[in-house]
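Here is a short note to read with the model open. Please go through the points in order and find each part on screen.

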Amino acid sequence: MTVTVELAGLELTGYHGALAEEREAGQRFLFDVWLDVPDPAAATDRLEDAVDYRDVAAAVRRVSDGRAYHLLEALAAAIADELIARFPVTRARVRVRKPDVRLDAPVAWAGVSVERLREP
C-alpha cells in the first residue's frame, strides 16, 4: 500500500518570473505537493517512520528562496528533484501557482505541475 502525503496551498513570496519586475518586486506563489511514501508510518503511528510535512514545507521554502527562477517549470522541477533526493518517497508531484498573474483576460491563477519518480 502507498500513502500520499499532501501539502496544499503553501504560500511563499518569491522573486521568480520571466520579467525583471517580477524578480525585483516579488510576488505570491502557491505550492501544492503530493509525495508517495512507503507505508510504515500508517502501520506504526510514529513520526520517526513518516515524512514530516513540516520538513517538506521547509525544503520547498529553501529551494524557492535559493535563487530566482525565470520559469515556473524550472522552479517546480527543482523542488520535485529536491524532494526526491531528500525524502524516502517513490514519487513527488509539485504544482506551482501564481495567483496574481496578470493576463489580458482574468484568470484565477497560472501554474505548472512536475512529477518525478524515484529511479529503482
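1. Where is the place of Ala57? Ala57 sits in helix α3. Helices here are DSSP runs of H or I with at least four residues, strands are DSSP runs of E with at least two, and both are numbered from the N terminus.

2. A word on the source. This is a predicted model: local features need pLDDT of at least 70, side-chain atom pairs count only at pLDDT 80 or more, and totals for chains, interfaces and linings use all residues. Residues are numbered from 1 along each chain as its sequence is written, and side-chain values use heavy atoms, with hydrogens and water left out.

3. Now the overview. The protein chain has four helices and four strands. Along the sequence, the pattern reads β-α-β-α-α-α-β-β. The C-alpha atoms fill a box of roughly 50 × 25 × 25 Å, taken along the principal axes. Of the 120 residues, 38% count as buried. Buried means under 20% relative accessible area, exposed means over 50%, and partly exposed lies in between (1.4 Å probe, protein chains only).

4. Next, the sheet. Four strands form an open sheet in the order β1-β2-β3-β4, with antiparallel pairing. Its edge strands are β1 (3–14) and β4 (110–117), and each pairs on one side only. Neighbouring strands of this sheet are turned by 15° against each other on average, direction ignored. Two strands pair if DSSP finds at least two bridges between them. Strands of a sheet pair through backbone hydrogen bonds, either parallel or antiparallel.

5. Look at strand β3 (residues 91–98). β3 pairs with β4 in the antiparallel sense over eight bridges. With β2, the antiparallel pairing of β3 runs over seven bridges. Follow Val94: its bridge partner in β4 is Val114. Val94 of β3 is also the bridge partner of Val33. Further along, Lys98 has Ala110 as its bridge partner in β4. Six of the eight residues of β3 are buried, so this strand is largely enclosed by the rest of the structure.

6. Helix α3 (residues 53–66) lies across β1 and β2 (27–37), at about 40° to β1. Helix α4 (residues 72–86) packs on the sheet and touches β2, β3 and β4. The direction of α4 makes about 30° with that of β4. Axes are lines fitted to C-alpha atoms, for helices over the stretch in contact; angles run from 0 to 180 degrees between N-to-C directions.

7. How do α3 and α4 cross, and at roughly what angle? Their axes come within 9 Å and cross at roughly 135°. The two helices are therefore oblique to each other. Under 35 degrees counts as roughly parallel, over 145 as roughly antiparallel, 65 to 115 as roughly perpendicular, and the rest as oblique. The crossing of α3 and α4 is right-handed. A crossing is right-handed if the near helix is turned clockwise from the far one by less than a right angle, and left-handed if anticlockwise.

8. Which residues make this contact? From α3 they include Val56, Ala59, Val60 and Val63. From α4 they include Leu75, Ala78, Ile79 and Leu83. Contact means heavy atoms within 4.5 Å. By class, the contact has eight nonpolar, one polar and four charged residues. Ala, Val, Leu, Ile, Met, Phe, Trp, Tyr, Cys and Pro count as nonpolar; Asp, Glu, Lys and Arg as charged; the others, Gly among them, as polar.

9. Back to Ala57. Leaving aside neighbours within four places in sequence, Ala57 is in contact with Leu7 and Leu10.

10. Last, Thr2. This residue is found in the segment before β1. Thr2 touches Asp36 and Val37, not counting residues up to four places away in sequence.
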